[in-house]
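Me: I would like to go through this model in a few questions. Please look at the structure first.

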Amino acid sequence: MHRFEARSESARAASAAEARFRIDAPNSRPRAIKIVALDRQSEGVVNRLAEGAFANATFLTVPAGAVSSREPFSMTGWLGDVAGHTKDLLEEIDGADQVVMIATAGEPLHAASVIGEACSLKRIMTTALILTPPSTSDEALSRSLAQLRPWSLMLVIASDEDYIADMLVAMRA
Amino acid sequence: MLKKEQNDLLTQTGPGTPGGRLFRSYWLPALLANELPENDCPPVRVKLLSERLIAFRDSKGRYGLMDEYCAHRGVSLWFGRNEEDGLRCPYHGWKYDYTGQCIEVPSEPEESGFCKKIKLNSYPLVERGGVLWTYMGPPEKRPPLPEWEFATVPPEHSFTSKRIQESNWLQAMEGGIDSSHVSFLHRGDLNSDPLFKGAKANQYNLRDSRPVFEVVESAGGLFIGARRNADNGNYYWRITQWVMPSFTMIAPRGNHPVHGHFWIPIDDENCWTWSFDYHPMRALTAEERRAMEEGKGIHVKYVPGTFRPLANKDNDYLIDRAAQKAGKTYSGVEGIAMQDASLQESMGPIVDRTKENLVSTDNGIIMARHRLLRATKALMDKEVAPPGVEPVHQQVRSAAVVLPPDKPFVEAAKDALMVRAGVAHASV
């Protein structure tokens with residue numbers, strides 16, 4: 001026989017008093033987030049971010065210049081880290097939980113398709129973050145969107161780079 | 001994840017707190033106008049931003065909102081007599097006008113002028129669009145009156161309700177900008193709720209259940225766009241507006257009224273969820289109004305005589321496990337509003353954000369917190385008025401539109417995202 005309770009289970013379970021009993025133990029393991037600057041301006045942003053205390057983030061850059069999707073090219077040594085070491089793209093993203101592409105509106109973003117294809121192959125979540133300097137024109141932003149939309153499952157257009165650090169903290173990078 | 005000090009800063013809104021100062025920069029919905037239906041009607045207790053207040057309407061129709069407790073011995077003025085241009089404490093007859101000024105202390109000689117030395121803290125209370133709005137900040141920084149479209153259309157075009165939510169305002173508001181939950185939690189309601197069903201857009205929703213999200217800063221807050229594939233290579237966009245600190249407006253469907261919310265702190269563990277529906281171009285039909293009154297769409301049924309939802313934490317939200325199993329509802333809770341509220345309340349009064357694990361689709365939430373923190377800091381450090389205060393930030397609309405694939409939705413749907421007199425909202 002059930003005992004009569006003046007307050008139901010939801011009422012008790014969701015109280016401030018009961019909230020104190022939430023298990024105080026880690027509920028996730030560290031994740032691996034790769035942050036890639038797609039253009040020269042974003043490289044400066046990524047270099048500054050790399051100075052922060054992000055234990056689970058790797059900060060990367062791509063080579064300047066266009067990438068022809070019609071010609072096979074080696075992904076070995078294609079990426080670079082902020083210390084100037086070269087990295088292999090597929091190896092670098094293997095096991096990543098997420099790849100964040102940082103772009104500046106209006107800048108050439110050819111590398112987005114290469115990284116996007118590699119992430120698609122490896123089934124890795126991609127986020128693109130476009131920084132829009134005050135002088136950004138609609139045309140410049142359109143060009144950037146056209147290059148990034150096919151390859152990003154989440155896209156953020158932000159006015160200041162401070163947001164990126166907040167986003168990385170929020171995602172436990 | 002948020003650090004504890006950031007979580008405290010955003011969730012605490014009592015007097016003297018940074019978050020409290022932020023909320024005290026805005027006109028806030030305080031009561032429905034029909035809670036004070038006539039001159040000299042009974043006063044109403046109101047708690048906002050952790051301050052206990054009493055609202056009344058005097059003999060001349062002037063609205064007052066002031067400290068709930070008599071300055072004499074601390075009696076609640078809810079027991080007061082609302083008579084002859086003032087609210088009189090029934091204990092010893094002290095009487096206050098609509099500004100909180102004491103105008104009679106019967107025990108003291110009138111000539112002494114003692115009553116002029118007594119004044120309860122009070123706030124302006126102004127009717128607009130069937131809502132009584134208050135501003136609880138410094139008088140010298142009082143902004144222009146609110147210009148939200150739902151409050152400026154003819155009364156027959158709109159319907160507003162409010163309900164108590166037993167959680168902090170932030171976790172409730174974050175639900176309003178968390179577009180990715182709709183495909184799960186509310187999936188049973190798009191084709192059955194009378195205020196949602198029948199729109200062509202619902203087909204896009206069902207055909208493409210994995211939307212891609214874009215978050216863009218706006219002058220007053222954020223645009224949150226959910227993109228799905230439409231016909232001929234175009235994208236179908238649902239664009240939600242968030243205006244600081246806690247206004248959200250959800251993209252419309254078909255010719256249904258458009259709707260949205262405010263989440264206003266009662267204290268740090270409870271908030272008012274305000275829900276509005278309106279149509280810019282036409283009066284609501286009798287069927288639409290009846291559906292809203294009966295708790296359909298984003299509204300709720302109430303415990304009679306209260307603003308507490310009928311389905312609430314004391315009755316386990318009337319959860320129906322058979323309906324859940326049969327797929328009629330995804331969570332077993334009936335109605336869009338209580339589907340959201342039940343889960344948000346289950347987090348506890350103030351969710352511990354140090355334990356959360358946000359993912360990429362949570363960028364709308366992350367950006368909203370970022371902007372709230374940034375605005376609070378600018379207000380505290382440099383007295384900068386936060387976004388959302390200016391009427392131009394309030395004259396916004398959500399939109400549902402089909403656009404070419406390479407266009408920034410903010411630019412391509414620029415007109416649709418602003419209030420335009422005499423023009424219908426953009427909907428599919």
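Reply: A helix here is a DSSP run of H or I with at least four residues, numbered from the N terminus. The model is a predicted one. In chain A, α5 is followed by a residue whose phi is positive, near 55 degrees, and that residue is A:R123.

Me: What span does helix α5 of chain A reach from its first C-alpha to its last?

Reply: Helix α5 of chain A covers residues 111–122, which is 12 residues. At 1.5 Å a residue, 16 Å is expected. The span is close to that, at 17 Å.

Me: Around the axis of α5(A), how many degrees does the arc of the buried residues cover?

Reply: The buried residues of α5(A) are A:A111, A:A112, A:I115, A:G116, A:A118 and A:C119. They lie on the same side of the helix, because the arc they cover is only 165 degrees. Their packing partners in chain A include β1 (33–37), α4 (89–93) and β5 (98–104).

Me: Which strands stand at the edges of the open sheet in chain B?

Reply: The sheet has 4 strands in the order β5-β6-β7-β8, with antiparallel pairing. Each edge strand has a single partner, so one side of it is left without a neighbour in the sheet. The edge strands are β5 (81–82) and β8 (102–104) of chain B.

Conventions. Residues are numbered from 1 along each chain as its sequence is written. Chains are lettered from A and ligands numbered from 1 in the order in which they are written. This is a predicted model: local features need pLDDT of at least 70, side-chain atom pairs count only at pLDDT 80 or more; totals for chains, interfaces and linings use all residues. Two strands pair if DSSP finds at least two bridges between them. Helices (H or I, at least four residues) and strands (E, at least two) are DSSP runs, numbered from the N terminus. The expected span of a helix is 1.5 Å times one less than its number of residues. A residue is buried if 20 or more other C-beta atoms lie within 10 Å of its own, exposed if 12 or fewer, and partly exposed in between; C-beta atoms are placed from the backbone. The arc is that of the directions from the helix axis to the C-beta atoms. Two residues are in contact if their C-beta atoms, placed from the backbone, lie within 7 Å.
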